[in-house]
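These notebook entries record what I looked up in the structure shown below.

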Amino acid sequence: MTTYDVLFTIAGVISAGSGILAVGTKHLVHAALWLVVSLTALCGCYLVLGAELVALVQLLVYVGAVVVLVLFALMLTRAPIGRSHDHDTSLLQRAAALVVGAATAALLAAVLVAAFGTQTVAIHGGTSQQLATQLFGTWVWPFELLSALLLVALVAALALSRLRIRTRADVEAGQS
């Protein structure tokens, strides 16, 4: 086992653990912050694999933009930011989610073991320049479309935050 293997394992465990915490917490802000930790650790995995550009894009796009957008949307909307019982699920739903998650992981592991087994696969990845040329040349329109989608989501979150929500007291008082 090399140093790269150890670093990759550490980053992977941190990413998976913080991902589980992001899904499991009842605080939406804490979930977003655990998502930052998970995505940053995933960035570390890319760095260990020698994909510096992918790591940088991961850090800029996902950690820097998507998570900030999620936090911004949480602040603009009337979503409960603190601990909320609206996000409680029953024990049966949690058990079902655990079974489905474990089955999906087992299926993925079975497919990967069947495909590669114990053989070592040599990766003939391109250089960062080739990847950047593909990303910002061939795939520039999907990249820009994603940017436009994020902008639309931001504007929609702002519009939703401006809507007046009728409360039960308003309905009983006859206000429209």
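I took a contact to mean heavy atoms within 4.5 Å. Among contacts in the protein between residues at least 6 apart in sequence, I found that 66% join residues at least 24 apart.

I noted that this is a predicted model, in which local features need pLDDT of at least 70 and side-chain atom pairs pLDDT 80 or more, while totals for chains, interfaces and linings use all residues. Residues are numbered from 1 along each chain as its sequence is written, and side-chain values use heavy atoms, with hydrogens and water left out.

I next looked up the secondary structure, with helices (H or I, at least four residues) and strands (E, at least two) taken as DSSP runs numbered from the N terminus. The protein has seven helices and zero strands, in the order α-α-α-α-α-α-α.

I then checked burial: buried means under 20% relative accessible area, exposed over 50%, and partly exposed in between (1.4 Å probe, protein chains only). Of the 176 residues, 14% count as buried.

I searched for aromatic pairs, meaning rings of Phe, Tyr and Trp (its six-membered ring) with centres within 6.5 Å; planes under 30 degrees apart count as stacked, over 60 as edge-to-face and the rest as tilted. The whole structure holds one such pair. The rings of Phe136 and Phe143 have centres 5.4 Å apart and planes at 80°, so the pair is edge-to-face. Phe136 is partly exposed at 44% relative accessible area, and Phe143 is partly exposed at 24%.

Lastly, I looked up Leu7, which lies in helix α1 and is partly exposed at 42%.
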